[in-house]
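Here are my notes on this two-chain model, written as numbered points to read alongside the coordinates.

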Amino acid sequence: MTTTSTPAATGRPASTAASSPKSPARGIRRPRQRSEWKGLAFVAPFLVVFLLVFIAPVVYSIYLSLYREQLVGGNAFVGFENYLALFGDAQFWEGFGRVTLFLLVQVPVMLGLALVAALAIDSARLHATGFFRIAIFLPYAVPAVVAVLMWGFIYGDNFGLAANINDWLGSTIITPFAREWILVSIGNIVTWEFVGYNMLIFYSALKVIPTDLYEAAELDGAGPMRVVTGIKLPALRGAIVIATIFSIIGSFQLFNEPNILRTLAPNIITTYFTPNMYAYNLSFAGQQYNASATVAIVMGVFTAVIAYVVQLRGSRKEER
Amino acid sequence: MSTLTEVMTTTDAAGGRGASGTRSRRRGAYRPKYSSPLRPRKSVAFTLLMGIFVIYSLVPLVWLLINATKTQAGLFSSFGLWFDDDFVLFQNIWETLTYKDGIFLRWFGNTLLYVVVGAGGATLLATLAGYGLAKFRFTGRKAVFAVVLGAIAVPGTALAVPTFLMFSQLGLTNTPWAIIIPSLISPFGLYLIWVYAVDSVPTELLEAARMDGAGEFRTFFTISIRLLAPGIVTVLLFTVVATWNNYFLPLIMLSDPTWYPLTVGLNQWSAQATGVAAQPIYNLVITGSLLTIVPIVVAFLGLQRFWQSGLSAGSVKQ
């Protein structure tokens, strides 16, 4: 292998032709086709599996949501009947309302805390910033199951910290599993799991702010708070939009935490506590696969629409 | 190989990333690339205030560690955040590992299998595809990218039920494949590699390799993969966490406990405490939980240099 081989002999692939302007027209045609299959060859393995585990299930559940298993006549096409039935289903709406409430309260709290932590770590006013960063991020690595079991024990009145505190106060004030507190208890677990992850997204965006901006601010005599509002927060806008979208998706799909806590509070967490739990129980306790697929499709569309709106609003503000 | 070496050295000198490297060289003085130049004094009071975050993050883990040293009776009789008189951590570990003929070790092995094949495969596929999208033009490239970006918005749990129904038609449920195949796709991983490859693998370098007559795959496996390393480690860590922590998918796909991963197994142990024939084994659930998080926490701490640089590169594009 030497450098003696000329470009003409090897044939310059299209990607170079595309990125470097003014390559001889003669050289473009044939190599372009070559690069076509080369690029595709890199992407193909991913695409094949992607079709099997992403596209196919979506298509299959659309199909299921349009059919119904009937006592007489077997599997029959019913059009949008499953959707109409779902929209008239009080259990679905109860779960939907619950995750919406969860979303409106938990997501702002979690992202607010993450933002404060990221700005604090980036401010260079903390001792041991490395320790802060890793300690706050650490819960993200803990499996949801372990997180819920752990918090479940801590909440518990058997040997949890809640019980310890109640004993100490001689009261029963702290009741994380009570009907009115259960959503807060779940919100706390989710916040604990993901605050560090969101902090890291924000922190990464803060780290790439060009130094010149800070220097200019310093020359203009801007104080630390002015730097935060004038430079850091605007620079974080994209990261905040992304984190919000991920959090909305997570809230609508809430499943692990309530489902695992159910063993500890079976009377309060119902089988339709969240839409995703409803879909799961329709499938695995009720064998109602068509109804279950309908829930999955409806929630998927809701999530996509809301994520899209958030993204539009986020980018519109950016233009201003 | 001369052209190639030349380009590679240039890249190394520039630190792989364009703009800021040139800027600091032009000024001729050393400047830390991305840190705030307003060097305020460190504040003890502020550090203590922010310490609340650390306490919140670490208290449950400390609770787990302390309570893994207690007997089942000790759990009930002692204060949650301090040790009991009996220190039985090692007995608990031994009991966890040997309970029911060592089913915990079996679950541990299953988890390892799912992580190595699933997360390893996901990283490989995402790396190849992200690189292909970043460095080649081909018909349908934009369509592929749009669909994959859209897929980031679709979480695994939304697809789990339909995937289960489909896999049960194919006879794949209750086999390791039911866990491994869906784990192989990481749209976020692909996105990260795509963003990373655009900046860190210079097109001139690839041209030089082509002029030297190296095939595309050879170039990829000998040169590009090294430049992509921080991005790859980041994606690997996130896919490892995702598969190690996977709960919903195995929960619905598997009914045979011998194929359970740790997460589903632990929850089954926990559920054993309630119901008709309740046999609580709280000490084993707690010790098992501790053993489950140790490997993943060690991996994160050990590799933090890599994933932190990979993540910040990923956010450049936002």
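1. An unreviewed UniProt entry lists "transmembrane region" for residues 39–63, 99–119, 131–154, 181–203, 235–255 and 289–310 of chain A. UniProt positions are given in the numbering used here, feature names are shortened, and annotations may be inferred rather than shown by experiment. Residues 181–203 of chain A are 96% helix and 0% strand, with end C-alpha atoms 32 Å apart. For residues 235–255 of chain A the figures are 86% helix, 0% strand and 33 Å between the end C-alpha atoms.

2. **Ground rules.** This is a predicted model, in which local features need pLDDT of at least 70 and side-chain atom pairs count only at pLDDT 80 or more, while totals for chains, interfaces and linings use all residues. Residues are numbered from 1 along each chain as its sequence is written, and chains are lettered from A and ligands numbered from 1 in the order in which they are written.

3. For chain B, the unreviewed UniProt entry gives "transmembrane region" at residues 43–66, 112–131, 143–165, 177–198, 219–244 and 281–303. Residues 43–66 of chain B are 96% helix and 0% strand, and the end C-alpha atoms lie 32 Å apart.

4. **Overall make-up.** Chain A has 14 helices and 2 strands, whereas chain B has 16 helices and 0 strands. Both kinds of element are DSSP runs numbered from the N terminus (helices: H or I, at least four residues; strands: E, at least two). Of the 320 residues in chain A, 45% are buried; for the 318 residues of chain B the figure is 43%. Buried means that 20 or more other C-beta atoms, placed from the backbone, lie within 10 Å of the residue's own.

5. **Domains of chain A.** Chain A splits into domain 1 (7–65) and domain 2 (84–319), with bounds from an automatic or database domain assignment. Their contact takes 4 residues from domain 1 of chain A and 6 residues from domain 2 of chain A; a contact here means C-beta atoms, placed from the backbone, within 7 Å.

6. **A helix pair to look at.** In chain A, helix H5 (residues 90–122) and helix H13 (residues 275–284) pack at an angle of about 145°, their axes 8 Å apart. Axes are lines fitted to C-alpha atoms over the stretch in contact, and angles run from 0 to 180 degrees between N-to-C directions. H5(A) contributes A:Gln91, A:Phe92, A:Gly95, A:Phe96 and A:Val99, and H13(A) contributes A:Pro275, A:Met277 and A:Tyr278.

7. **Between the chains.** Here 97 residues of chain A are in contact with 92 residues of chain B. Helix H3 (residues 29–65) of chain A gives the most to the chain A side, with 20 residues.

8. **The core.** Which residues touch the most other members of the largest nonpolar core? They are A:Met199, A:Phe202 and B:Ile193, in a core of 164 residues. Such a core is a set of buried Ala, Val, Leu, Ile, Met, Phe, Trp, Tyr and Cys residues joined through C-beta atoms within 7 Å. Helix H9 (residues 182–207) of chain A gives the most to this core, with 15 residues. Leaving aside residues up to four places away in sequence, A:Phe202 touches A:Ala114, A:Leu115, A:Ala118, A:Leu236 and A:Ala239.

Methods:
Contact = placed C-beta atoms within 7 Å. Buried ≥ 20, exposed ≤ 12 C-beta atoms within 10 Å, placed from the backbone.
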